[in-house]
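Here is a short briefing on one protein model. Keep the structure open while you read.

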Amino acid sequence: MTERIFNFSAGPAVLPLEVLELAQSEMLSLGGIGMSVMEVSHRSKNFEPILNDAIEGIRELLNIPENYKILFLQGGASLQFSMIPLNFLKENETADYVVTGAWGKKAVKEAKRCGNANVFFSAAETNFKSVPTQDELAFSENARYVHYTSNETIEGVEFKYELDGGGLPVICDASSNILSKPLDIEKYALIYAGAQKNIGPSGVTLVIIRDDLLEQVPENQHSMLDYRLIAGNNSMLNTPNTWGIYIINLVCKHLKKLGGLGEMEKRNEEKAKILYDAIDASDGFYRGHAEKSARSLMNVTFRLPSEELEKQFAAQATAQKLDGLKGHRSVGGIRASIYNAFPREGVEKLVEFMQDFAQKNG
Ligand SMILES: Cc1ncc(COP(=O)(O)O)c(C=O)c1O
């Protein structure tokens with residue numbers, strides 16, 4: 001087998017080896033049909049069961065009630081920043097945005113084009129190290145919806161609770177922590193995620209939307225932006241990303257086999273603890289970015305004593321097959337993304353490397 005490295009990339013990110021091997025074995029002929037999944041019609045009997053299985057797989061893993069539709073869209077999570085307000089926020093209306101990092105900020109920028117995107121809470125002054133407590137959030141009475149980002153991938157801050165909108169519809173960007181733990185879907189009106197971290201390859205966006213929201217889509221909406229029309233066409237209004245959906249189906253089956261999202265949460269907590277413990281035990285050589293109460297289980301962000309040392313750290317780690325550790329270009333530092341498919345063994349190897357590096361450079 002071709003050797004694989006430990007890939008700490010924030011996304012596209014590591015996929016389960018078992019899924020890649022299965023996809024490899026079916027690459028030339030899917031289930032003996034003599035064609036790959038990328039070569040069959042999306043409306044054929046070869047593909048439609050894959051789409052429906054993937055939908056059912058997501059429904060089962062997240063325990064999604066029947067009054068929610070599960071959609072696979074394109075345009076990334078970024079298109080949702082626009083599509084949500086284009087459907088649910090009119091010019092004279094307000095939506096409350098809780099901003100705990102760079103992605104939340106981008107969501108606000110797009111929503112402002114449609115209506116009053118009110119930055120109800122921003123952690124900007126504290127350099128996006130924390131998330132608010134539920135008590136700090138008393139939303140505008142007349143807001144159409146509340147939007148938040150459950151895990152900010154760049155800063156590595158994560159909500160440890162599911163936000164309560166106090167009766168307002170809650171919309172959540174869960175791109176970088178969906179499927180990492182069980183969720184109470186009934187708390188959300190709409191939840192979305194780009195697939196390329198925990199769900200599958202890039203090019204598919206998962207949208208879980210409650211039926212009553214579909215009724216609120218404006219009548220003259222553009223077809224490709226119309227959740228109701230897309231839901232009515234089972235995500236096949238146009239040609240879907242058939243390859244991406246096929247991989248998502250395999251990932252869902254894999255996660256179920258491992259024991260589901262409760263088991264993933266346990267594993268993710270264990271993996272993250274190994275890394276955060278190493279940061280805390282380093283006598284200040286490594287400094288975690290997030291406040292302890294908001295530390296992400298998916299993206300562990302930290303700094304070293306100087307940018308020069310950070311550069312050396314990332315380069316030397318790559319040479320030891322620990323790749324993708326350089327922080328996002330906007331904030332610098334080091335970021336270890338340790339999604340579901342990232343093995344515990346790789347986290348242990350990184351900790352060994354960190355201890356060695358600190359000893360040599362501290
Ligand atoms: C939390 C979050 N939201 C949105 C995005 C944007 O996703 P996409 O590149 O699929 O548009 C990302 C990408 O990393 C993300 O981490």
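The points below cover cores, a helix contact, aromatic pairs and backbone features.

This is a predicted model, in which local features need pLDDT of at least 70 and side-chain atom pairs count only at pLDDT 80 or more, while totals for chains, interfaces and linings use all residues. Residues are numbered from 1 along each chain as its sequence is written, and side-chain values use heavy atoms, with hydrogens and water left out.

**Nonpolar cores**

- The largest nonpolar core has 89 residues. A nonpolar core is a set of buried Ala, Val, Leu, Ile, Met, Phe, Trp, Tyr and Cys residues joined through side-chain atoms within 4.5 Å. Buried means under 20% relative accessible area, exposed over 50%, and partly exposed in between (1.4 Å probe, protein chains only).
- Helix H7 (residues 242-258) gives this core its largest share, 8 residues. Helices (H or I, at least four residues) and strands (E, at least two) are DSSP runs, numbered from the N terminus.
- Ile58, Leu62, Phe72, Ile178, Leu190 and Tyr227 have the most contacts inside the largest core.
- Leaving aside neighbours within four places in sequence, Ile178 is in contact (heavy atoms within 4.5 Å) with Leu62, Ile191, Ala193, Asn198, Ile199, Leu206 and Ile208.
- A second, separate core has 35 residues, including Ile279, Met298, Ile338 and Val347.

**H7 against H8**

- The axes of H7 and helix H8 (residues 260-280) come within 7 Å and cross at roughly 75°. Axes are lines fitted to C-alpha atoms, for helices over the stretch in contact, and angles run from 0 to 180 degrees between N-to-C directions.
- H7 and H8 are therefore roughly perpendicular to each other. The cut-offs are under 35 degrees for roughly parallel, over 145 for roughly antiparallel, 65 to 115 for roughly perpendicular, and oblique for the rest.
- From H7, Leu255, Lys256 and Leu258 meet Gly260, Leu261, Glu263, Met264 and Arg267 of H8.

**Aromatic pairs**

- The count comes to 18 aromatic pairs. Rings of Phe, Tyr and Trp (its six-membered ring) pair if their centres lie within 6.5 Å; planes under 30 degrees apart count as stacked, over 60 as edge-to-face and the rest as tilted.
- Phe120 and Phe139 form a tilted pair, with ring centres 5.0 Å apart and planes at 45°. Phe120 sits in strand E4 (residues 116-122) and Phe139 in the loop between E4 and strand E5 (146-149), 19 residues apart.
- Phe120 is partly exposed at 24% relative accessibility, whereas Phe139 is buried at 15%.
- Tyr148 and Phe159 pair edge-to-face, 4.8 Å centre to centre with 75° between the planes. Tyr148 lies in strand E5, and Phe159 in the loop between strand E7 (157-158) and strand E8 (170-173). Tyr148 and Phe159 are both buried.
- One aromatic cluster is formed by Phe285, Tyr286, Phe302, Phe313, Phe353 and Phe357.

**Prolines and backbone**

- A cis peptide bond joins Gly11 and Pro12, with omega about 0°. Pro12 lies in the loop between strand E1 (6-7) and helix H1 (17-25).
- Pro49 is found in helix H2 (residues 48-62) and is partly exposed at 42% relative accessibility.
- Pro49 and Tyr246 are 197 residues apart in sequence, yet 10.0 Å apart in space, C-alpha to C-alpha.
- Phe128 has a positive phi of about 50° although it is not a glycine. Phe128 is in the loop between E4 and E5 and is buried at 8% relative accessibility.
- Leu179 has a positive phi of about 70°, and it is not a glycine either. Leu179 lies in the loop between E8 and strand E9 (190-194) and is buried, with a relative accessible area of 0%.
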